[in-house]
Amino acid sequence: MPSYFQPIGYQKAHRVTSIMGESRDDRSHNGYDISGNQGMPLVNNTKGKLVIVSTHSDPDNKTAGGNSVTFYVEGDPNTHYTYTHLSQLPPEGTTEIAPGESFGAIGGEKGKPGSGFSTDGPHLHMEAKEL
């Protein structure tokens, strides 16, 4: 896993369960999956604010990713991170997350918030994009 892709918000080491580029149902996986517990909070553990670019709410789990949040770390607007399969999103209207504040929680457990239609267990799907 590239160093810039260290999970922001993870307090404990978890197992990488899927890597970028793996083939899935005749398509390439476009991120990393890391196992976690349903509802495990994600906390900003950087030295700067997280600036939220967008959120996507999917209360009925009808998309592959379920709920997601895209953000960048203050001072580095050229790298955007997207986390999907979240069981909780930042409160509506939130634009910044200060160090130490929670910005969501892991989802992905079948039939529970953040699962999407393609998940088989709780985990965090992460993507990083250099702009």
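Predicted model: local features only at pLDDT ≥ 70, side-chain atom pairs only at ≥ 80, totals over all residues.

Reader: Good. Stay with Ser87. Is it buried or exposed?
Author: Ser87 has 17% relative accessibility. Buried means under 20%, so Ser87 counts as buried.

Reader: What does the side chain of Ser87 reach?
Author: The backbone oxygen of Ile106, at 2.8 Å.

Reader: And what else does Ser87 touch?
Author: Beyond four places in sequence, the list includes Gln38, Gly39, Asn67 and Ala105. Gly107, Pro113 and Gly114 are also among them.

Reader: Let's zoom out. How many helices and strands does the protein have?
Author: It has 0 helices and 12 strands.

Reader: What share of the residues is buried?
Author: 43% of the 131 residues count as buried. The accessible surface comes to about 7100 Å², and 48% of that belongs to carbon and sulfur atoms.

Reader: How confident is the predictor?
Author: The mean pLDDT is 81, and 82% of the residues reach 70 or more.

Reader: Where does pLDDT stay under 50?
Author: Over residues 1–5. The model has 12 contacts for that stretch beyond four places in sequence.

Reader: New topic: the core. Which residues touch the most other members of the largest nonpolar core?
Author: Ile8, Phe71, Tyr83 and Phe103, out of 18 residues in that core. Strands E4, E6, E7, E8, E11 and E12 each give two or more residues to this core. E7 gives the most, with 3 residues.

Reader: Why would such side chains sit together?
Author: In soluble globular proteins, nonpolar side chains tend to be buried together.

Reader: What does Ile8 touch?
Author: Beyond four places in sequence, Ile8 touches Phe71, Tyr83 and Phe103, among others. Val43, Leu50, Val73 and Tyr81 are also among its contacts.

Reader: Lots of rings there. How many aromatic pairs does the structure hold?
Author: It holds 4 aromatic pairs. In one of them, the rings of Phe71 and Tyr81 have their centres 5.7 Å apart and their planes at 25°, so the pair is stacked. Phe71 lies in strand E7 and Tyr81 in strand E8, so this pair ties together parts that are 10 residues apart in sequence.

Reader: Are Phe71 and Tyr81 buried or exposed?
Author: Phe71 counts as buried, at 1% relative accessibility. Tyr81 counts as buried too, at 9%.

Reader: What about Tyr83 and Phe103?
Author: Tyr83 and Phe103 form a tilted pair, 6.1 Å centre to centre with 40° between the planes. Tyr83 is in strand E8 and Phe103 in strand E11, so the pair ties together parts 20 residues apart in sequence. Tyr83 and Phe103 are both buried.

Reader: Which residues do ring pairs link into a cluster?
Author: Phe71, Tyr81, Tyr83 and Phe103.

Reader: Back to strand E8. Where does His80 sit?
Author: His80 is in E8, which covers residues 79–84. At 17% relative accessibility, His80 counts as buried. A polar atom of the His80 side chain lies 3.3 Å from the backbone oxygen of Pro77.

Reader: And what is His80 in contact with?
Author: Leaving aside neighbours within four places in sequence, the contacts of His80 include Val53, Thr70, Phe71 and Tyr72. Glu127, Ala128, Lys129 and Leu131 are also among them.

Reader: Tyr72 came up. Where is that residue found?
Author: In strand E7. Beyond four places in sequence, the contacts of Tyr72 include Lys49, Leu50, Pro77 and Thr79.

Reader: Last one. What is the phi of His85?
Author: His85 has a positive phi of about 65°, although it is not a glycine. Most residues other than glycine have a negative phi. His85 sits in the loop between E8 and E9. With a relative accessible area of 6%, His85 is buried.

How values were computed. Residues numbered from 1 in each chain as written. Heavy atoms only, no water. Helix = DSSP H or I, 4+ residues; strand = E, 2+ residues; numbered from the N terminus. Buried < 20%, exposed > 50% of the residue type's maximum accessible area, 1.4 Å probe, protein only. Polar contact = N/O pair within 3.5 Å; in protein donor to acceptor, adjacent residues only side chain to side chain. Contact = heavy atoms within 4.5 Å. Core = buried A, V, L, I, M, F, W, Y, C linked by side-chain atoms within 4.5 Å. Phe/Tyr/Trp six-rings, centres within 6.5 Å; stacked < 30°, edge-to-face > 60°. Areas by Shrake-Rupley, 256 points an atom, 1.4 Å probe, with all protein chains shown as cover. pLDDT = per-residue confidence, 0-100.
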